[in-house]
Amino acid sequence: MSRPIPSSYPRYVLARAGQGLVVLALSYLAVFLLLFFLPGDPISARLNDPDSNYSPEQIEQLLTYYGMDQPLWVQLWHAVRRLAQGDLGYSLTTVEPVGGRILDALPSTVELATITLVFSVVLALGLAAIATGAPWERVRRFTTAIPAALLSVPTFVVGLLVLQVFSYNLGLFSTLKADGWSGAIPAAAVLALPVSAPVARVIIENAQEVQGEPFVTFARSKGLAGLRILFAHVARPSALPGVTMLGLAVAELITGSVIVEAIFNRHGVGSVIESAVSSQDSPVLLGVILLAAGAIVLVNLAVDLTYPLLDPRLRGRSASSVTGSEPKVPS
């Protein structure tokens, strides 16, 4: 029987949410200062570029909008005030709202991220089950080495190989119609490899430690089958650190999407980042980085709030501080 959630849990939720907001605010401040405090005035430089084709009136309007004629702290205040109103500014290349540009590309990235997470969880749990429950020692050793191998191969190399073999040679999918849920499957399969690898490794390491615990030895002495011991006694305590690693893997998911979307010709947030970097579109970069930071904060907040529900002893602690060496909780 699970233990009830104590009255302190709402305070724990508020504390974690407050910490997430502080991290998000500091991230926005750091990126803003990095983009706008450095010498060179990136907005003015971009607007005054002869290839930008802005009229003098448009340049004057945008410079006034961003307050480039005012001190940096005034620019930051106006940026924060616009952000509070849901205004992320205007793109310096298309002169369209940054928020609209990101929202147009967001569904494609959400599709890719959702399928990738499903693939990652299935692959990580499958590898962990084989590495800890297979009756053959050689199979267990081979499977245990797979996560390290997945981490050692760059994502773009796997993506190019999948593209060459399954698209160009076998014709199983087309990069000309890569958008949509079905088009996200090849890209998600490639991106799931580096995302699932650390999760699988942590679960395998903890499952191997848990199998030596007294309560597992006692279960074996009662004559329980290996699979029953694995799923009833080993799975839950071994999966706890995997939840943390899955949250931390979101950073890999966000950075990897930039490469994967470019390889598989998907129009998502990754393509927006690529375009903004190549054109030095600072407002778009700031908006995308804010979105990425918000996604990481939300996912890690969800992990922090899930941990105490799985193990009441961890209430009041950050999930990111939990490692494979934590005490195991018998089922």
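Visitor: Let me start with two residues. Which helix do Tyr28 and Phe32 lie in?
Guide: Both lie in helix 1, which covers residues 9–36. They are four residues apart, about one turn of the helix. Keep in mind that this is a predicted model.

Visitor: Got it. How many aromatic pairs does the structure hold?
Guide: One aromatic pair. The ring centres of Tyr28 and Phe32 are 6.4 Å apart and the planes are at 25°, so this pair is stacked.

Visitor: Why does that angle count as stacked?
Guide: Because planes under 30 degrees apart count as stacked.

Visitor: And is Tyr28 buried or exposed?
Guide: Tyr28 is buried, with a relative accessible area of 10%.

Visitor: Let's switch to the inside. How many residues are in the largest nonpolar core?
Guide: It has 26 residues, and Ile43, Leu47 and Leu286 are those with the most contacts inside it. Several helices each supply at least two residues of this core, including helix 1, helix 2 (42–47), helix 5 (98–133) and helix 13 (282–310).

Visitor: What does Ile43 touch?
Guide: Leaving out residues up to four places away in sequence, Ile43 touches Phe36, Leu63, Tyr66, Met68, Leu92 and Pro283.

Visitor: OK, new topic: charges. How many salt bridges does a search of the whole structure find?
Guide: Three. Asp281 forms a salt bridge with Arg101, with the closest N and O atoms 3.6 Å apart.

Visitor: Nice. Which residue does Arg266 form a salt bridge with?
Guide: That would be Glu111, and the closest N and O atoms are 3.5 Å apart. Arg266 lies in the loop between helix 11 (250–263) and helix 12 and Glu111 lies in helix 5, so this pair ties together parts that are 155 residues apart in sequence.

Visitor: Why does Arg266 count as buried?
Guide: Because its relative accessibility is 3%, and buried means under 20%. Glu111 is buried too, with a relative accessible area of 14%.

Visitor: What about the salt bridge of Arg141 and Glu137: how far is it from N to O?
Guide: Those side chains meet at 2.6 Å, N to O. Arg141 and Glu137 are four residues apart in helix 6 (residues 137–152), so about one helical turn separates them. Arg141 is exposed, at 59% relative accessible area, and Glu137 is partly exposed, at 43%.

Visitor: Where does Phe156 lie?
Guide: Phe156 lies in helix 7. Phe156 is partly exposed, with a relative accessible area of 41%.

Visitor: Thanks, that helps!

Key. Residues are numbered from 1 along each chain as its sequence is written. This is a predicted model: local features need pLDDT of at least 70, side-chain atom pairs count only at pLDDT 80 or more; totals for chains, interfaces and linings use all residues. Side-chain values use heavy atoms; hydrogens and water are left out. Rings of Phe, Tyr and Trp (its six-membered ring) pair if their centres lie within 6.5 Å; planes under 30 degrees apart count as stacked, over 60 as edge-to-face and the rest as tilted. Buried means under 20% relative accessible area, exposed over 50%, partly exposed in between (1.4 Å probe, protein chains only). A nonpolar core is a set of buried Ala, Val, Leu, Ile, Met, Phe, Trp, Tyr and Cys residues joined through side-chain atoms within 4.5 Å. Contact means heavy atoms within 4.5 Å. A salt bridge is a side-chain nitrogen of Lys or Arg within 4 Å of a carboxyl oxygen of Asp or Glu.
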